[in-house]
Amino acid sequence: LNDFFNKLKSKNLKTMVKVTAAEVNKLRQQTGAGMMDCKKALVEAEGDFDKAISILREKGQKIAEKRADRDSSEGAVIAKVNDAATKGVIVSLNCETDFVSKNDSY
């Protein structure tokens, strides 16, 4: 067993960084990311806030790439014209499923 532990020590294994709830909350407020994502990013960045923000940004780009292929063909279209009929607006709000678009709060 001693040989095993000596090999582990010699491999320069990273020790896990202690991250406080205040640090996680600060990063969360700056980025808008979830608590666990912020904690994982801080641990991976070894407590470096700038590096953690960069990690979260990269993760967000990967998630956006996965969702880019999804088709958002359901939704609602609203058109409004002012009283003088000189200006108008059309808003198209799209979602992926009809369950969302049929919801009253949508």
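# A helical core and its surroundings

The largest nonpolar core consists of 11 residues: Val24, Leu27, Ala33, Cys38, Ala41, Leu42, Ala45, Phe49, Ala52, Ile55 and Leu56. A nonpolar core is here a set of buried Ala, Val, Leu, Ile, Met, Phe, Trp, Tyr and Cys residues joined through side-chain atoms within 4.5 Å. Buried denotes under 20% relative accessible area, exposed over 50%, and partly exposed the range in between (1.4 Å probe, protein chains only). At least two residues of this core come from each of α2 (21-31), α3 and α4, and α4 supplies the largest share, 4 residues.

The model is predicted: local features need pLDDT of at least 70, side-chain atom pairs count only at pLDDT 80 or more, and totals for chains, interfaces and linings use all residues. Residues are numbered from 1 along each chain as its sequence is written, and side-chain values use heavy atoms, with hydrogens and water left out.

The chain contains 5 helices and 2 strands, in the order α-α-α-α-β-β-α from the N terminus. Helices (H or I, at least four residues) and strands (E, at least two) are DSSP runs, numbered from the N terminus. The chain has 106 residues, of which 12% count as buried. Of the contacts between residues at least 6 apart in sequence, 24% join residues at least 24 apart, where contact means heavy atoms within 4.5 Å.

Two helix pairs deserve attention. Two packed helices are described by the angle between their axes and the distance between the axes. Axes are lines fitted to C-alpha atoms, for helices over the stretch in contact, and angles run from 0 to 180 degrees between N-to-C directions. Helix α3 (residues 35-44) packs on helix α4 (residues 49-68) at an angle of about 125°, the axes being 8 Å apart. The two are therefore oblique to each other; angles under 35 degrees count as roughly parallel, over 145 as roughly antiparallel, 65 to 115 as roughly perpendicular and the rest as oblique. Asp37, Cys38, Ala41, Leu42 and Glu44 of α3 make this contact with Phe49, Ala52, Ile55, Leu56 and Lys59 of α4. The contact residues comprise 7 nonpolar, no polar and 3 charged; Ala, Val, Leu, Ile, Met, Phe, Trp, Tyr, Cys and Pro count as nonpolar, Asp, Glu, Lys and Arg as charged, and the others, Gly among them, as polar. Leaving aside neighbours within four places in sequence, Ala41 touches Ala52, Ile55 and Leu56, in the sense of contact given above.

For α2 and α3, the packing angle is about 110° and the axes are 9 Å apart, so α2 and α3 are roughly perpendicular to each other. Glu23, Val24, Leu27, Arg28 and Thr31 of α2 meet Met35, Cys38, Lys39 and Leu42 of α3 in this contact. Its residues divide into 5 nonpolar, 1 polar and 3 charged.

Two loop residues have positive phi values. Glu46, in the loop between α3 and α4, has phi near 55°, a positive value in a residue other than glycine. Glu46 counts as partly exposed, at 44% relative accessibility. Ala85 belongs to the loop between β1 (74-81) and β2 (88-95); phi of Ala85 is near 60°, again positive in a residue other than glycine. At 60% relative accessibility, Ala85 counts as exposed.

Finally, Phe99 lies in helix α5 (residues 98-101) and is exposed, with a relative accessible area of 70%. The C-alpha atoms of Phe99 and Gly75 are separated by 9.7 Å, with the two residues 24 apart along the chain.
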